[in-house]
Amino acid sequence: MDYSNEALLNAQAIVLAGQAIGAGLALIAGIGPGIGEGYAVGKAIETIGRQPEIKSTATSTMFIGCAIAETTGIYGFIVGLILLFANPFLKYLGQ
Amino acid sequence: MDNFTINGPRVVFKFTVGDYTVRITETLFNSWIVLIIVSLLVIWLGSRLKKVPVTKKQAVAEMAVNFMNKLVDDNLGIGLRLYYAPYLAAVFILILAGSLLSLFGFRAVPSDVSFTGTLAIMTFFMILYNKIKYNGFGGYLKGLASPAVLTPFNILSEFATPVSMAMRLFGNLSGGAIITSLIYAALAGASAAVYGLIGIVADNYYFSFLQVGIPAVLSIYFDLFSGVIQSYVFIILTLAYIKNGKE
């Protein structure tokens with residue numbers, strides 16, 4: 001593709017803006033794990049309140065569940081990182 | 001935000017073999033440090049053992065071994081600890097020491113996707129081997145196609161296992177590192193603003209006093225807590241996948 005200098009700058013600006021917006025949208029994925037982990041922790045606290053003798057088991061199980069629930073949020077976070085710092089779409093401008 | 005960049009692991013040094021340039025990255029270099037430290041620690045802990053522990057050193061060593069043995073016993077049943085406990089303990093101590101290295105100012109080893117990817121692929125093949133060992137190759141294929149409609153999804157989820165294990169570890173550790181460096185940059189800016197308020201022109205060499213102490217609180221979460229929890233989760237997930245394949 002062939003651009004004049006000004007058009008190239010404009011195209012770059014559009015691509016960079018799109019990447020920034022996309023990174024922000026990707027981090028919305030953090031909502032799901034937040035709600036899920038909060039629910040899991042709440043239930044664990046309920047369980048501990050009802051049966052204080054299984055506190056250690058409930059706590060370790062809760063942590064594992066939280067770490068697994070976090071996975072989708074981490075995926076969104078990695079996509080956001082790639083968009084922000086690796087600039088994957090600039091190469092389509094033909095540079 | 002001018003003084004804030006995020007880099008991958010730097011190349012510490014490189015040398016040439018024939019036409020090929022070998023680049024030793026920070027991840028590789030730091031994992032060598034981890035290997036040396038862990039090897040020396042384990043050799044020291046394992047030397048001069050008595051039948052009945054009299055030293056504190058041996059009590060600590062037995063506690064660590066018992067922890068891993070009990071984990072395998074609880075999850076997989078009695079009698080399998082010799083098969084699984086050594087590998088799991090090695091992975092656990094490698095991830096743990098690698099992430100705790102960031103407390104000393106080094107780059108955490110698991111915040112590189114090539115390191116976590118290596119561990120996840122090794123673990124994936126171990127899980128695969130165990131599934132085939134317990135079910136037979138035909139049983140493994142049958143398990144993949146058990147609801148016949150869901151066969152493509154089952155095959156996809158087989159390959160999602162190593163990806164999710166690698167990305168979980170990488171995302172947690174590198175996310176902590178990024179947030180910590182963001183906090184450092186923000187505190188430098190804030191202390192420059194405070195210097196500006198009291199009339200001192202802050203150049204590049206001023207002492208940004210807000211960076212003292214405040215990041216340590218965050219470091220407890222992002223370096224200590226996150227590293228310990230994630231290494232524990234890694235081996236617990238490995239155990240869970242093996243247990244899944246056994247049934």
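## Pocket and helix packing in a predicted two-chain model

Helix 3 of chain B gives the largest share of the lining of the second largest pocket, eleven residues. This is a predicted model, where local features need pLDDT of at least 70, side-chain atom pairs count only at pLDDT 80 or more, and totals for chains, interfaces and linings use all residues. Residues are numbered from 1 along each chain as its sequence is written, chains are lettered from A and ligands numbered from 1 in the order in which they are written, and side-chain values use heavy atoms, leaving out hydrogens and water.

Back to that pocket: its volume is about 790 Å³ (the space filled by probe spheres set on grid points joined across faces, edges and corners). A pocket here is an open set of points on a 1 Å grid over the protein atoms alone, where a 1.4 Å probe fits, with protein on both sides within 12 Å along at least five of seven lines; lining residues have an atom within 4 Å of a point. There are 28 lining residues, and B:Val42, B:Ala64, B:Val65, B:Ala89 and B:Ile93 lie nearest the centre. Helix 1 (26-46), helix 2 (56-76), helix 3 (81-100) and helix 4 (113-144) of chain B each give two or more residues to the lining. Helices are DSSP runs (H or I, at least four residues), numbered from the N terminus. By class, the lining has 25 nonpolar residues, two polar and one charged (Ala, Val, Leu, Ile, Met, Phe, Trp, Tyr, Cys and Pro count as nonpolar, Asp, Glu, Lys and Arg as charged, the others, Gly among them, as polar).

Now for the helix pairs. Axes are lines fitted to C-alpha atoms over the stretch in contact, with angles from 0 to 180 degrees between N-to-C directions.

| Helix pair | Angle | Axis distance |
|---|---|---|
| Helix 4 and helix 6 (residues 214-246) of chain B | about 20° | 8 Å |
| Helix 2 (residues 31-50) and helix 3 (residues 55-85) of chain A | roughly 170° | within 9 Å |
| Helix 3 of chain A and helix 5 (residues 151-197) of chain B | roughly 65° | within 9 Å |

The angle makes helix 3 of chain A roughly perpendicular (65 to 115 degrees) to helix 5 of chain B. Their crossing is left-handed (the near helix is turned anticlockwise from the far one by less than a right angle). Contact means heavy atoms within 4.5 Å, and the residues involved include A:Ile74 and A:Tyr75 from helix 3 of chain A, with B:Phe170 and B:Gly171 from helix 5 of chain B. This contact has ten nonpolar, six polar and two charged residues.

Definitions and conventions:
Parallel < 35°, antiparallel > 145°, perpendicular 65-115°, else oblique.
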